Amino acid sequence: MNTVADAESLAHSHDIISIGVLADDLRRRRHGTRTTFVRVANVAADVGAPVSRPAAAGEVRIAGVPGSRAAAVERVREVASAAGRAVVTGFSLADLEQLSARENVTLRALLEELRAAGLELVAEAPVDRLQDTRRSIEEVNIAGMALARLTVDQSSSADPMPLLKAVADLQRRVAVLRAFAPLPRRVNPTAPTTGYDDVKHVALARLVVDNVPSIQVDWSLYGPKLAQVALTVGADDVDAVSAEDEVAGGPRRAPLQEIRRNIIAAGQEPVERNGRFDILGPLGTLGVVASPSEGRRPREERSP
Amino acid sequence: MSINRTADRIRSGERVGGDEALELYRRAPTALLGRLADGVRARKHPDRIVTYIIDRNVNYTNVCVARCTFCAFYRPVGSSEGYVLGFDEVFRKIDETIAVGGVQLLLQGGHNPDLPLAWYEDLFRAVKDRYPAFKLHALSPPEVIHLSRLSQLPVPAVIARLMAAGLDSIPGGGAEILVDRVRAILHCDGKATADEWLDVMRHAHRAGLRTTATMMYGTVETDEERLEHLLRLRALQDETGGFTAFITWSYQPDHTELAGCEATGIEYLRTLAIARIVLDNFDNLQASWVTQGGKVGQLSLAYGANDMGSVMIEENVVRAAGASYCMDEAEIVRNIEDAGFAARRRNMHYEILGDPIFREREVPRMLELATARVAGDNTTPEELRFYPARSRSGKQERLQDGRIAGLQDGK
Ligand code: SF4
């Protein structure tokens, strides 16, 4: 079966069930019914801003744009010293590209400084915002860090295929991408993407970007309902589950309970991981480290 | 019977029995359920038209004696947060509804002992006097039963009086799950048992009214009880043919006495799909974007729905329980067309009224649903003093007004 050709032919149809089934087949061959998720504590990029690290966090993520190279390094130091055993991630690679250019240092030098201060992974690389996509991603690796996810900042075209093919091509060259989050981080508020758009986009991503292990969906950005549907059409990893039990005006109940319930109701097996993609034990402890691709054999989808 | 054989029977247009439906609901992959439901939708609506209605969901009072444990909307009699809308407020809402192309009010409320049957009749008449073509889709079966008890008139007589005053159709609210074990746990058997709910609909259909039917799932019921609900609706539809549409939604738990968790989006799509398969004698299934959000609401069109429900303008009940989604006409139409369907406006009888209004004339974008009243407004409408109250606090309030004396036996 030629999945890319199948994807091409379905990309312009309205048959979201067929495209979802194709993507789900591929996802199950790769991951079985296992769905990983990570509980994230977000902290601001400003030096001196509070660092709240709930015990449940498998990742502490520095979110925002650093004001300067020195501020970025200082902030990583602060967060790393407060993070305990949670994995420290942070920043957008596109912002770091710009920062290095502004401060006349190489990206590699900046990344090495951040790594020395305690940053383990660059939180995201928005493929549509990077100046020199391939090189910058390779620099992360050379600097001894990893990239948590490749993202899409803003979808500019109704046809996702060119971008998805470019991502698959990028991975053929860099071979270090662990997860790809295909749904855009920013949407036009007057014409947000629809459910059909999102389902098709996730499914096509799984089919076309078949060389990146995980297709990821953002729980806090896309909400439980759409994120759960995404898990049945190709996504296998859920990012940004809140590590807080209660968030003002936010989740209606304990996030851990809610994410597990949603994954199980989608006929899948919830497995918690940390920001490094290590599988965690039942109480958030580091358990047997296994690649999510070593999932169990697929089983018949269960009813809710 | 195997799932595959049941699926073949559905594809060839045969009716499924309860056991087969339960097996499908529990074990069939979601994609198969979706495809089967979509097949039923396509047979019933081969023109690929998806309809919607522009109306306003007005809740005339939040005072209620029923006290269902799943309800976050009601306030007990005497509560400082209780309200009754005045006739003028209702007229203003109708004016706003007509301004954006709306054709009806969906008018429902709590079981307020201080609003007698005459209040409803006067309201309906006043609406019809001012807006003769405007439709009143009003009073779910438990409200009709409440009025029957309050007025000590049999249900058919209450329906006849309301119809004479201007009632056009009855919404299918208050059905929850039509199984008395469930209703007793939810404390909603008092407002209507399963048989009573179905009986009101039977009487309404016999009287010539069309009605909708609903199901709220995700509280304490079993899968079998969801199916029993659907089968009871199917049996009544075989008998009367009076239901125009079916709408299902998930229980919204926030701020309710029952609390708990909301069923997930996949459970919604599966439930919608099984409903489309079982309710083979219902022409229309609505998507519940109000509870599921626009995205899963749109995905419903691939799982058996052929109607996007209401543009709505105002909503109070679901919002009280935590969901606050909003889609104006332009957004609903965009979602329908993006899914590959043609969007058409309809009325309550599912007659096509035309193309989207916003393509014919300028309609302001609506980014938030209105509420019954602005927060903190607890004014009592002027005309209430003309109607006798039943509750102690209601009587006191109206007697304090000074002008009620002598009118207690009046209206
Ligand atoms: S659901 Fe209706 S009848 Fe029940 S308490 Fe709420 S308002 Fe009253």
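In chain A of this predicted model, helix α4(A) is followed by A:Asn104, whose phi is positive, near 55°. The helix itself spans residues 93–102 and is mostly covered. Of its 10 residues, 7 are buried. These are A:Leu93, A:Ala94, A:Asp95, A:Leu96, A:Glu97, A:Leu99 and A:Ser100. Several elements of chain A contribute to the cover over these buried residues. Among them are the helices α3 (69–82), α5 (107–117) and α6 (133–142). The strands β3 (87–92) and β4 (121–126) also take part.

Chain A as a whole has 10 helices and 10 strands. It contains 304 residues, and 56% of them count as buried. A:Arg28 is placed in helix α2 of chain A, residues 16–31. From A:Arg28 to A:Val167 the C-alpha distance is 21 Å, and the two are 139 residues apart in sequence.

Chain B also has a mostly covered helix, α14(B), made up of residues 329–338. Here 7 of the 10 residues are buried. The buried set consists of B:Glu329, B:Ala330, B:Glu331, B:Ile332, B:Val333, B:Asn335 and B:Ile336. Their cover includes three strands of chain B, β1 (49–53), β9 (307–310) and β10 (342–346). Helix α12 (289–299) of chain B is also part of the cover. After α14(B) comes B:Gly340, which has a positive phi, near 90°.

Two helix pairs in chain B were examined for their packing. In one pair, α7(B) (residues 155–165) packs on α9(B) (residues 194–206) at an angle of about 50°. Their axes lie 10 Å apart. The two helices are therefore oblique to each other. The crossing of α7(B) past α9(B) is right-handed. On the α7(B) side, the contact is made by B:Val155, B:Pro156 and B:Ile159. On the α9(B) side, B:Val200, B:His203 and B:Ala204 take part. By class, this contact has 5 nonpolar residues, 1 polar and no charged. An α-helix has 3.6 residues a turn, so residues three or four places apart point the same way.

The other pair joins α2(B) (residues 18–27) and α11(B) (residues 265–278). These helices pack at an angle of about 160°, with axes 10 Å apart. They are therefore roughly antiparallel to each other. This crossing, too, is right-handed. From α2(B), the residues in the contact are B:Ala21, B:Leu24, B:Tyr25, B:Arg26 and B:Arg27. They meet B:Arg270, B:Thr271, B:Ile274, B:Ile277 and B:Val278 of α11(B). The residues of this contact divide into 6 nonpolar, 1 polar and 3 charged.

B:Glu225 sits in helix α10 of chain B, residues 223–240. It is buried, with a relative accessible area of 8%. Apart from neighbours within four places in sequence, B:Glu225 contacts B:Ile177, B:Val179, B:Arg181, B:Val182 and B:Val220.

B:Gly173 lies in a loop of chain B, between β5 (169–170) and α8 (180–185). Its relative accessibility is 11%, and it counts as buried. With neighbours within four places in sequence left aside, B:Gly173 is in contact with B:Gln108, B:Ser140, B:Pro141, B:Pro142, B:Trp197 and B:Thr214. One of these partners, B:Gln108, is 65 residues from B:Gly173 along the chain. The C-alpha atoms of B:Gly173 and B:Gln108 are separated by 8.6 Å.

The ligand is surrounded by residues of chain B. Its shell consists of B:Cys64, B:Ala66, B:Arg67, B:Cys68, B:Phe70, B:Cys71, B:Tyr74, B:Gly110, B:His111 and B:Lys191. By class, the shell divides into 6 nonpolar, 2 polar and 2 charged residues.

Note on methods. Residues are numbered from 1 along each chain as its sequence is written. Chains are lettered from A and ligands numbered from 1 in the order in which they are written. This is a predicted model: local features need pLDDT of at least 70, side-chain atom pairs count only at pLDDT 80 or more; totals for chains, interfaces and linings use all residues. Side-chain values use heavy atoms; hydrogens and water are left out. Buried means under 20% relative accessible area, exposed over 50%, partly exposed in between (1.4 Å probe, protein chains only). Helices (H or I, at least four residues) and strands (E, at least two) are DSSP runs, numbered from the N terminus. Contact means heavy atoms within 4.5 Å. Axes are lines fitted to C-alpha atoms, for helices over the stretch in contact, and angles run from 0 to 180 degrees between N-to-C directions. Angles under 35 degrees count as roughly parallel, over 145 as roughly antiparallel, 65 to 115 as roughly perpendicular and the rest as oblique. A crossing is left-handed if the near helix is turned anticlockwise from the far one by less than a right angle, and right-handed if clockwise. Ala, Val, Leu, Ile, Met, Phe, Trp, Tyr, Cys and Pro count as nonpolar, Asp, Glu, Lys and Arg as charged, and the others, Gly among them, as polar. A residue is near a molecule or strand if one of its heavy atoms lies within 4 Å of it.
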